[in-house]
Amino acid sequence: MNDINKLFRASVLAAVPLLFAACSDEPASAVTPRVMADNLHLVLETDRTVYTRLIVNRLQNEEKVIKASEHWKEDKALVLPAQMFRAGAEMVRDKGAGFSYSLLSLWPVNKQNAPKTGQEEAGLKYVADHKGENYYGEETLGGRKYFTAVYADIAVAPACVTCHNEHKDTPRSDFKIGDVMGGVVIRIPLDG
Amino acid sequence: MPMKTPALWIAAAAAALGLTAALSMTLLGADRRLFAPGDMTGGHYQIEIACDACHTPFQGVSQEACVQCHGAGLEAGNDSHPRSKFEDPRNADRVALLDARRCVTCHVEHRPERTRAMGVTLAADFCVHCHADIGAERPSHRDLGFETCAGAGCHNYHDNTALYEEFLLKHRDAPPPAATPRLPLRAAPPTAKAPLAAGDRDGSPHAAADPGVVDAWALSAHARGGVNCRDCHQPADAAGARAAWRDRPGPAQCAACHAADAEGFLDGRHGMRLRQGLTPMSPGQARRPMRGDAHDRGLGCTSCHGAHDFDPRRAAVDGCLGCHDDTHSRAYRESPHHALWQAEVAQHAPAGSGVSCASCHLPREIHRDAGRERVTVQHNQNRNLRPNEKMIRGVCLHCHGLAFAIDALADPALIARNFRGRPSRHIESLDMAAQRLHPSDNPRNSP
């Protein structure tokens, strides 16, 4: 079960000497927690965009052959892009990965996705107030130290905006395309 | 008082050694119940003797042992609190309060003095640990005690597939059930073999088979599907060689063709002892009331299905009532469900309109493969048994409205009467869900 975990730890441990060897000459090539988080986010964000554009938007909005629904199983529909993201996060955790990620918001439809830790709160506020910037910090949770990165999650499609604005559980109903709706939080353990 | 003779010392030492040896032998033996710290729950007592099914020596109970038997059920019920949720570091504070990553945090075995319904050993208000602020989010819940969350017919910890808010709302205004409601119908499994008649039987080593047996087989689904005597009594191996004739083939032989049914049977209360390699369960070992004349029956496939005729209708009612003797079971023959069943059996009503014991407890499940519907029977009767709201989606909603089903399943007296009569209580969950659409209508919402 811990193959991914072992691989991940080995890569981080291997990265430390690399970091020192590279010193300040080539910091971008060293796999620091920040580089790792940025790269993870790049993949996560890209995959979700691909799913949103090539699957959901094409089949639901353009071809109109299938709908995407919050209750996808019930409605025999496509999972929403945010649900696809969360299902992946859960499967990664099930596989015992060292890192973790989640999709949170200061205005969550599901209250369980509101910020809980100080870094989540600060990070979500920061990326909402400083468009185009990411937030990086460290925090200790359950006795373990984590590098925590927060990336803005922006409304890219009309479906994001209408669904969140009109959902009966939404605490905010004035989202527009291009607004920061929440953030992707990635955590990487620092103490092995 | 000090011992005065060496003989006493020797006797004491011999007794201690003897006791140690006897206990060690017991510990290494097959029956180690002497070391059990307390009686087991109704879910596990049948396999109490199989300590290793749950315990790893010197490592306690592994999570994998729980998941091995219960994982499929949790997945089928779309577990509301999966382990992965609590593996997220952001929930570390919750895990510190209640380590929900492990089943044994809430379900401790061998503790009968503090075991409640569903084998839960936590205090009934355990939801408060994470949902203390529910009153702020749901004003309708403001005055409700946390001990009522999981006990009032509104929420379950694991399976909420028929209880979540959108489902309640979707079914709140659903039209009443059709004039002739139906349960899913099983189709005969496809077979490439030609049907067989009594004269086609490939015989037994017995000089003359019992004509009653031959006739029963000739009318069975087995004969219609081209399954002959030797296919069960003397099956051929992959090379075509046949073993010695067996008068009584066991469940393993049935599983050769009915693998999914056998798996369900072995997962449930009827077959779990066989799953662990123990002797079959018998009604005499049951904790629930059973008929005295059934006590010594060992449970296998033919206990309910009989042999040779394999009449599924007999299995669906007589198979159950031949052993089960509790109030609910005894009330069945006076129930409206039984009246419908009789009408179907007598062919006065369409197939699928009757309700047998099996209709609810070994329900038919609809699967879809490559767009085609396939109906199977879930032979694990434990899958939807408790909490009984697990029965709503797969069973009740085929014929009843959601509000009625929720109310009926929350009424123990009605269940004891086998649903003869109307529910005597009303569960407010649908009303609360509806009031969230129009908050001003809800008197609880006023400050």
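## Confidence

For the complex, the predictor gives an ipTM of 0.82 and a pTM of 0.87. Chain B has a mean pLDDT of 91, with 96% of its residues at 70 or more.

One stretch of chain B calls for care: over residues 441-447 the pLDDT is below 50. Beyond near neighbours in sequence, this stretch still has nine contacts in the model. Where pLDDT is low, the predicted coordinates should not be read in detail.

## Chain B as a whole

Chain B is built from 23 helices and four strands. Its C-alpha atoms fill a box of roughly 90 × 85 × 40 Å along the principal axes. Of the 447 residues in chain B, 21% are buried. Taking contacts in chain B between residues at least 6 apart in sequence, 55% join residues at least 24 apart.

## Two helices that cross

Helix 7 (residues 165-172) and helix 23 (residues 429-437) of chain B pack with their axes 9 Å apart, at an angle of about 95°. Because of that angle, helix 7 of chain B is roughly perpendicular to helix 23 of chain B.

Which residues make the contact? Helix 7 of chain B contributes B:Glu165, B:Leu168, B:Leu169 and B:Arg172, while helix 23 of chain B brings B:Ser429, B:Leu430, B:Ala433 and B:Ala434. By class, the residues of this contact are five nonpolar, one polar and two charged.

## Where chain B meets chain A

Here 13 residues of chain B are in contact with 16 residues of chain A. On the chain B side, helix 3 (83-87), helix 4 (92-97) and helix 23 each supply at least two residues. Helix 4 of chain B gives the largest share, three residues. The side of chain B that touches chain A has six nonpolar, one polar and six charged residues.

## The sheet in chain A

Chain A holds an open sheet of four strands in the order 1-4-3-2, with antiparallel pairing. Strand 1 (100-104) and strand 2 (135-141) of chain A each have a single partner strand, so one side of each is left without a neighbour in the sheet. Direction ignored, neighbouring strands of this sheet are turned by 25° against each other on average.

Strand 2 of chain A is joined to the antiparallel strand 3 (residues 144-154) of chain A by seven bridges. A:Glu138 stands opposite A:Phe147 in strand 3 of chain A. Helix 4 (residues 118-129) of chain A packs on the sheet, touching strand 1, strand 2, strand 3 and strand 4 (180-189) of chain A. The direction of helix 4 of chain A makes about 170° with that of strand 2 of chain A.

How values were computed
Residues are numbered from 1 along each chain as its sequence is written. Chains are lettered from A and ligands numbered from 1 in the order in which they are written. This is a predicted model: local features need pLDDT of at least 70, side-chain atom pairs count only at pLDDT 80 or more; totals for chains, interfaces and linings use all residues. Axes are lines fitted to C-alpha atoms, for helices over the stretch in contact, and angles run from 0 to 180 degrees between N-to-C directions. Angles under 35 degrees count as roughly parallel, over 145 as roughly antiparallel, 65 to 115 as roughly perpendicular and the rest as oblique. Two residues are in contact if their C-beta atoms, placed from the backbone, lie within 7 Å. Ala, Val, Leu, Ile, Met, Phe, Trp, Tyr, Cys and Pro count as nonpolar, Asp, Glu, Lys and Arg as charged, and the others, Gly among them, as polar. pLDDT is the predictor's confidence in each residue, from 0 to 100. A residue is buried if 20 or more other C-beta atoms lie within 10 Å of its own, exposed if 12 or fewer, and partly exposed in between; C-beta atoms are placed from the backbone. Two strands pair if DSSP finds at least two bridges between them.
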